[in-house]
Amino acid sequence: MTQRVGLIGKPLRRRHSQVMHDAAFDAAGIDARYVLLELEPEEVEAAVAAARGEDWLGLGVTAPYKRVVAGLCDDIDPEAARIGAVNNVARTPAGGLVGFNTDAPGFRAGVELAMGRSLHGSTVVVAGAGGAAHAVVFACLDAGARHVTIGNRTVSAAAALAERFGDIGPGTVQAVALGDPAFERALRSADVAVNATTVGMVDPGTTIDVALLPVTATVFDLVYVPPETPLLRAARAHGLRAANGSEMLIAQAAIAFERWTGVGGMADVMRSAVAPLLADPAATA
Ligand code: NAP
């Protein structure tokens, strides 16, 4: 019996996850496939119910169904509940469904690799307050960041995020508007500046003025299509350490794969498999 993991979303334009997971199934000798389930809203409940069957290992979930799928799970991992986002679901041997979040640990792995140090004790600036920013801010505070500044176009969303995670870890957190003088002051002393908006992918331009950052700072852009955003280009031109979201993507996939199969250590296999797609300037955003 070929087992499956299904990615639920609409639209599903990208094949990065499918390519990584199928390569890992092959490398691990597991008879399973990662399938894309581009569903209409009225089809989601039945698809999630079907995933309780023995031929399923679990589900991936993306926009716009994260919230509805989380509501159909029997259980949610405490960390995913705290973050407020489920992006994967594991099937238990008894057919139960447990929602979990891999963006937070994936981000931590990716950004610490880019920084060459731990987030612990660091001063972080995050642009964005959407779904991905929730995982980023949680991961930073949970890792013991000293201070996190959240800057967002819609300042009320940044304030809600700061309020939500204000009690995690020893660090402090503040919310400001993108471009506010307080945002610019925070950049001047940042160890790492993170773009967790869709700017650079959907909209042109950048969210962070790299000229304000100390020379020791790292710039981390969650966007990985295109591989080099204007933000990363500017950061490199200023001689700063800079990385896109590809290592976060790979790390979070490897974490999910281990949860579904019990097989760890698949990041290298996944990295090789997805490299052509990541390097493809025509890959779909
Ligand atoms: P989302 O929930 O839709 O949030 C979008 C964010 O972008 C909001 O903060 C929004 O601000 C901001 N934004 C959008 N257009 C803007 C503009 N023109 N100027 C300034 N801010 C703007 O999206 P998401 O799920 O958080 O995803 C954000 C990015 O992270 C995407 O590019 C996604 O591909 C990437 N991501 C990467 C990984 C990875 O593994 N590398 C994982 C998850 C996400 P407002 O609140 O003002 O609208």
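Here are some friendly notes on the predicted model above, point by point.

1. **Ground rules.** This is a predicted model in which local features need pLDDT of at least 70 and side-chain atom pairs count only at pLDDT 80 or more, while totals for chains, interfaces and linings use all residues. Residues are numbered from 1 along each chain as its sequence is written, and side-chain values use heavy atoms, with hydrogens and water left out.

2. **Cysteines.** If you are setting up bonds, a search of the whole structure finds 0 disulfides, a disulfide being a pair of cysteine sulfur atoms within 2.5 Å. Cys-73 is buried, because its relative accessible area is 12%; buried means under 20% relative accessible area, exposed over 50%, and partly exposed in between, with a 1.4 Å probe and protein chains only. Cys-140 also counts as buried, at 0% relative accessibility.

3. **Cis peptide bonds.** Most peptide bonds are trans. Here, the bond from Lys-10 to Pro-11 is cis, with omega near 0°. Pro-11 sits in the loop that links strand E1 (3-9) to helix H1 (16-28). The bond from Ala-63 to Pro-64 is cis too, again with omega near 0°, and Pro-64 belongs to the loop between strand E3 (56-61) and helix H3 (66-72). Helices (H or I, at least four residues) and strands (E, at least two) are DSSP runs, numbered from the N terminus.

4. **H1 against H10.** These two helices pack at an angle of about 50°, with their axes 10 Å apart; axes are lines fitted to C-alpha atoms, for helices over the stretch in contact, and angles run from 0 to 180 degrees between N-to-C directions. That angle makes H1 oblique to H10, since angles under 35 degrees count as roughly parallel, over 145 as roughly antiparallel, 65 to 115 as roughly perpendicular and the rest as oblique. On the H1 side, the contact (heavy atoms within 4.5 Å) is made by His-16, Met-20, His-21, Ala-24, Phe-25 and Ala-28, and on the H10 side by Leu-249, Ile-250, Ala-253, Phe-257, Trp-260 and Thr-261. By class, the contact of H1 with H10 has 9 nonpolar, 3 polar and no charged residues. Here Ala, Val, Leu, Ile, Met, Phe, Trp, Tyr, Cys and Pro count as nonpolar, Asp, Glu, Lys and Arg as charged, and the others, Gly among them, as polar.

5. **His-21.** This histidine is placed in helix H1 and counts as buried, at 3% relative accessibility. Neighbours within four places in sequence aside, His-21 is in contact with Tyr-34, Ala-253, Phe-257, Trp-260 and Met-270.

6. **H10 against H11.** Helix H10 (residues 246-261) and helix H11 (residues 267-279) pack at an angle of about 135°, and their axes are 10 Å apart. So H10 is oblique to H11. Ser-246, Glu-247, Leu-249, Ile-250, Ala-253, Ala-254 and Phe-257 in H10 meet Ala-267, Met-270, Arg-271, Val-274 and Leu-278 in H11. The class count for H10 with H11 is 9 nonpolar, 1 polar and 2 charged residues.

7. **Leu-141.** This leucine is part of helix H6 (residues 131-142) and counts as buried, at 0% relative accessibility. Leu-141 and His-120 are 21 residues apart in sequence and 8.5 Å apart in space, C-alpha to C-alpha. Not counting residues up to four places away in sequence, Leu-141 touches Val-148, Phe-165, Ile-168, Gly-169, Pro-170, Gly-171, Thr-172 and Val-173.
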